[in-house]
Amino acid sequence: MKAAVRKWEAVREFAQGLPEAVMEFPWGPEDCVVKVNKKIFVFLGGLDGPQSPGLSVKLKDEALHGHAMAAPGAEPTGYGLGRAGWVFVPLGVKGAPALDVLCEWVEESYRTVALKRHVKELDARLEEGSAARNAPTG
């Protein structure tokens with residue numbers, strides 16, 4: 001369970017680091033969400049509830065959606081959100097996705113609901129990071 005909590009915290013931190021992302025608790029302390037432009041792009045729930053930590057993301061890309069649905073314990077998000085491409089992925093099950101995969105899904109969900117200027121800023125950040133990693137040293 002500790003690994004699931006660490007993964008949940010790392011995903012939350014990653015999501016909050018995206019351009020203009022804001023963490024909110026619209027239904028109380030056990031219902032953490034991260035939004036951009038007043039739209040939720042990841043439901044994180046809470047850590048103290050009866051369920052093990054998990055997250056829900058909106059994946060319109062068929063390949064990513066299929067990959068997420070193949071994760072152990074994954075299912076369409078409740079309340080009818082699954083019909084719109086939302087997937088719930090538990091983090092405390094054996095074989096749960098790796099952190100980098102979860103962050104890729106969160107980023108894709110962000111891109112789905114973010115404004116074009118937010119996506120442009122994210123792409124610029126990623127390009128800068130890639131250029132810095134590939135710069136010659138010495």
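View 1. Cys 103 counts as buried, at 12% relative accessibility (buried means under 20% relative accessible area, exposed over 50%, and partly exposed in between, with a 1.4 Å probe and protein chains only). This is a predicted model, so local features need pLDDT of at least 70 and side-chain atom pairs count only at pLDDT 80 or more, while totals for chains, interfaces and linings use all residues. Residues are numbered from 1 along each chain as its sequence is written, and side-chain values use heavy atoms, with hydrogens and water left out. Cys 32 is buried too, at 1% relative accessibility. How far is the sulfur of Cys 32 from the closest cysteine sulfur? That sulfur, in Cys 103, is 14 Å away, too far for a bond. A disulfide is a covalent bond between the sulfur atoms of two cysteines; here the term is used for a pair of cysteine sulfur atoms within 2.5 Å. Searching the whole structure turns up 0 disulfides.

View 2. Helix α1 covers residues 2–16, 15 residues in total (helices are DSSP runs of H or I with at least four residues, strands are runs of E with at least two, and both are numbered from the N terminus). From first C-alpha to last, α1 reaches 21 Å, close to the 21 Å expected at 1.5 Å a residue (the expected span is 1.5 Å times one less than the number of residues). Its buried residues are Ala 4, Lys 7, Trp 8, Val 11 and Ala 15. Looking down the axis of α1, these buried residues fall within an arc of 100°, so they line one face of the helix (the arc is that of the directions from the helix axis to the C-beta atoms).

**View 3. Around helix α1.** What covers the buried residues of α1? The cover includes β2 (32–36), β3 (39–45), β4 (54–58) and α3 (99–113), with contact taken as heavy atoms within 4.5 Å.

**View 4. Lys 35 and Glu 24, a salt bridge between strands.** The side chains of Lys 35 and Glu 24 meet in a salt bridge at 2.9 Å, N to O (a salt bridge is a side-chain nitrogen of Lys or Arg within 4 Å of a carboxyl oxygen of Asp or Glu). Lys 35 sits in strand β2 and Glu 24 in strand β1 (residues 22–24), so the pair ties together parts that are 11 residues apart in sequence. Lys 35 is buried, with a relative accessible area of 16%, whereas Glu 24 is partly exposed at 31%. The whole structure holds 5 salt bridges.

**View 5. Glu 107 and Arg 111 in helix α3.** The closest N and O atoms of this salt bridge are 3.0 Å apart. Glu 107 and Arg 111 lie 4 residues apart in α3, which puts about one helical turn between them. Glu 107 counts as buried at 18% relative accessibility, while Arg 111 counts as partly exposed at 24%. Bring in Asp 123 and you have a network: Glu 107, Arg 111 and Asp 123 are linked by salt bridges.

**View 6. Arg 125 and Glu 121 in helix α4.** Another salt bridge joins Arg 125 to Glu 121, with the closest N and O atoms 3.3 Å apart. Both residues lie in α4 (residues 116–134), 4 residues apart, or about one turn of the helix. Arg 125 is partly exposed at 38% relative accessibility, and Glu 121 is partly exposed at 33%.
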